[in-house]
Amino acid sequence: MAAYKPVVVQACPKLGEKITQDTLYWRGYKTPVQIKEFGAVNKIDFSPVPPYNYAVTASSRIHIYGRYSQEPIKTFSRFRDAAYCATYRDDGRLLAAGSEGGSISLFDVSGKAPLRQFEGHTKPVHLVGFLSDKYRIFSGGDDYSSKLWDIPSATEIISYSEHTDYVRCGCASKVNADVFITGSYDHTVKLFDARTKSSVMTIEHGHPVESVLLFPSGGLLVSAGGRYVKVWDVLKGGQLLVSLKNHHKTVTCLCLNSSGQRLLSGSLDRHVKIYSTTSYKVVHSFNYATSILSLALSPEDETIVVGMTNGVLNVKHRKPEEKNENSQKKRQPAYRTYVKGRSYMPKQEDFCVSKPVKRVLRKYDKLLRSFQSSKALDAVLEPPIMLHTPEVTVAVMQELHRRGTLRSALAGRDEKQVNLLLTFVARRVIEPRFTPVLVIVADMITDIYQPVVGQSAIVDKQFLKLQQAIGKEIDYQEELLEVLGMMDTLFATFTKKRDTCLEESKSNGVTEIIETNRNY
């Protein structure tokens, strides 16, 4: 009796991932550490001075973590309601945060109780930051106002009420100590100068602004809102330089690396995209478990911290660089040790002993060997196989067609199974590698289940999707044939012109030779 031969799955070449310097650099992080917080992480901010601790704002607490610690080394919890936007001062000594009640608290990093309380906002404060002179604080709240505060006297210096919706983000200029920027849900970004009583510049983003970022030079501004990340030239009056749309959901946070050459954006689509600030193309991306609310990068790019909606803090540390050790390593066996005997050919008088190889069959191969066609088809219609290895499903269908049992395997199915079959066929029939087999499958399904059309809304919907997919593919093929006809006409015209030019050059050459001979 002949042994059963497993189904041959057609292997298709896969495009290799392009490895660049950015890929190698951003892959150089260890396995992430997961830290569970009490609520959604709305802000992460690194201290600008060593040892680069970072403040995490979640729920009604602010936790200070060390660079490698998995437990908070300090906690500020004197908030009645939720805390927002804990931000370090440039010297790393003071920390300011907003609250749900509208007050702003100023903490000494080495203490526990607030040093100052700033009262003036009537609704939650989601934006707090320090101006570069270190003695003033700017804030923005849900009462549509932006305020400037004096730290020594704890008094309000000036208030701006130009936004018409919640003020949720902002940043300060490092070049000019009087300039700060706010972003609002009214789709605008406003630039304020503390020496004036109104905004200096207004930029229309087009979507509710979730985050703004100013480059260290102060000339370029980045705004994020909706699915867009936009870069503006402040020195040219807020001219739009580039608009990026690489996320599928709302972009919630922005960040620059230490050199300012890479821009990072986090989104509710669970991705962090990394852009080059010269070409503004995506050079790398990270994928996370849930939607991202906050993102921060340590001053030396050694640590990436991401805060998510489920309260999980994801911390990645860079792998240490390998040091060249002068100590001798244990000598490994030579290469010839491993390949010894592999190329040996037995002689005529040698007796060869073959080692039996146990062949492990897949589930569908076992069912096909026992002639259970319908169950074999069910085995390859499971979601993991259909989604990740559709070539296996198509290979089994092709084997059943070769045996002449495909029609019987497709028949006798209920509404759910027919829906699964039609979903797979409608999705994969347009792929050239699967088209020859799936067209036969679609034809058989239509013949078998044509009498029951109209009895199930789900099955009817899948038949319509299959019809639309095939109709679109036919239209594409017709358009391609038209383009090929145009190209053939152009190539034929170029060939005729070239032949004509060659004939003319030859005839001119003969005439010149004849005239030369006559002269002689």
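Predicted model: local features only at pLDDT ≥ 70, side-chain atom pairs only at ≥ 80, totals over all residues.
Two strands count as paired here if DSSP finds at least two bridges between them.

Strand E16 (residues 188-193) and strand E17 (residues 199-204) are joined by five bridges and run in the antiparallel sense. Within this pair, Leu-191 has Met-201 of E17 as its bridge partner. A hairpin of five residues leads from E16 to E17. On E15 (residues 179-184), five bridges make an antiparallel link to E16, and Val-179 lies opposite Asp-193 in E16.

Put together, these strands belong to an open, antiparallel sheet of four strands, ordered E14-E15-E16-E17. Strand E14 (167-172) and E17 each have a single partner strand, so they stand at the edges with one side left without a neighbour in the sheet. On average, neighbouring strands here are turned by 20 degrees against each other, direction ignored.

**The sheet E6 to E9**

Another open sheet has four strands in the order E6-E7-E8-E9, again with antiparallel pairing. Its edges are strand E6 (83-88) and strand E9 (114-118); because each has a single partner strand, one side of each has no neighbour in the sheet. Strand E8 (residues 104-108) runs antiparallel to E9 and is joined to it by four bridges, with Ile-104 bridging to Phe-118 in E9.

Here are the strand pairs side by side:

| Strand pair | Bridges |
|---|---|
| E8 and E9 | four bridges |
| E15 and E16 | five bridges |
| E16 and E17 | five bridges |

Methods:
Residues numbered from 1 in each chain as written. Heavy atoms only, no water. Helix = DSSP H or I, 4+ residues; strand = E, 2+ residues; numbered from the N terminus. Axes fitted to C-alpha atoms, helices over the stretch in contact; angles between N-to-C directions.
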